[in-house]
Amino acid sequence: MADAYDAGSAAPQGQEREPQDAPRAVAPSPALPPVVPPPASPIPPSPEPRTGVAALSLRYQIGAALALAVVAIAVCVHMGLVFLHVAPPNTVTKQHGRAIDDWIYPEFEQNWKLFAPNPLQQNIAVQVRAEISTGDGDTRTTRWYDLSAQDGRAIDGNLLPSHTQQNELRRAWDFFVATHDAQNRPMGLRGALSETYLRHIVELRLDRAGAAGEGGVVERVQVRSRTTNVRPPQWSDEQVSDRPTYRVLPWWWVPAEETEGNAR
């Protein structure tokens, strides 16, 4: 046993024993080419839904186009007539002046001429009072209502004042003054029209203010203007009077049909 062990230990050290369980080397398999999928057929994009006029049928599209054309023509005609009204006298205004005035007055009237503005240097307040028939058969006269002051309070601090608050009463009074003489007598048919226009405005204002009271009826109205000069600036030597002047119109009867409507 000892000899065998000694002989084994004396064996040459350079020789190595081959491993009994060493794995065999496997040759790499050749790489396969990548699989390229067949090109997919392009999918057409879905059409966007139509909106606005394009979503309408052909019949309604034609109707919308005609309506737009009519509105555009009306706007162009209106702007042309306003321009001719404020423009200096010319051949067109001399030949068609009556037609232009019929369109402009009284709703679209202007108080200035193109290239020749005329700024106001006076404060004009329009005031009204009414004669009321009370329910017990008596008659009373209201105080003076300052309609211009009411419009001024409505405009003061209002970023978007209405056309009615700015111009309705002022233009109605200018229309009346332009069509009446110093004795408040109408000059022509437009004078009578201006009276009716102004009377309707003050009647509506009195109705909103509840001037008639419960059971009362407005029988007559009277309008006056209070004019005061605008004070000149401090650096000016101009002297103007600060006393107000009044223009008092005669009493106007309210038509019976309007009185009955107010009573109801």
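A salt bridge here is a side-chain nitrogen of Lys or Arg within 4 Å of a carboxyl oxygen of Asp or Glu. By that criterion, a search of the whole structure, which is a predicted model, finds six salt bridges. Some of them are followed below, after a look at the chain that holds them.

The protein chain contains seven helices and six strands. Read from the N terminus, the elements run α-α-α-β-β-β-α-α-α-β-β-β-α. Of the 264 residues in the chain, 24% are buried. The accessible surface of the chain is about 20,200 Å², and carbon and sulfur atoms account for 58% of that area. Among contacts in the chain with a separation of 6 or more, 61% are between residues 24 or more positions apart.

The side chains of arginine 220 and glutamate 131 meet with an N to O distance of 2.8 Å. Arginine 220 belongs to strand β4 (residues 217-229) and glutamate 131 to strand β1 (residues 122-133), so this pair ties together parts that are 89 residues apart in sequence. Are the two partners buried or exposed? The cut-off for buried is under 20% relative accessible area. Arginine 220 has a relative accessible area of 19% and therefore counts as buried. Glutamate 131, with 14%, is buried too.

Leaving aside residues up to four places away in sequence, glutamate 131 touches Thr139, Arg140, Thr141, Val217, Val218, Glu219, Arg220 and Trp251.

A second salt bridge runs between helices. Aspartate 151 pairs with arginine 205, and their closest N and O atoms are 3.3 Å apart. Aspartate 151 sits in helix α4 (residues 147-155) and arginine 205 in helix α6 (residues 189-209), so that the pair links distant parts of the chain, 54 residues apart. Aspartate 151 is buried, at a relative accessible area of 11%. Arginine 205 likewise counts as buried, at 7% relative accessibility.

An α-helix has 3.6 residues a turn, so residues three or four places apart point the same way. Glutamate 203 is buried at 14% relative accessibility, and arginine 199 is buried with a relative accessible area of 10%. Elsewhere, salt bridges that share partners join Asp151, Glu168 and Arg205 into one network.

Helix α4, which carries aspartate 151, has features to note at each end. At the start of α4, a side-chain oxygen of aspartate 146 comes to within 3.4 Å of the backbone nitrogen of serine 148. Just after α4, glycine 157 adopts a positive phi of about 80°.

How values were computed. Residues numbered from 1 in each chain as written. Predicted model: local features only at pLDDT ≥ 70, side-chain atom pairs only at ≥ 80, totals over all residues. Heavy atoms only, no water. Helix = DSSP H or I, 4+ residues; strand = E, 2+ residues; numbered from the N terminus. Buried < 20%, exposed > 50% of the residue type's maximum accessible area, 1.4 Å probe, protein only. Contact = heavy atoms within 4.5 Å. Polar contact = N/O pair within 3.5 Å; in protein donor to acceptor, adjacent residues only side chain to side chain. Areas by Shrake-Rupley, 256 points an atom, 1.4 Å probe, with all protein chains shown as cover.
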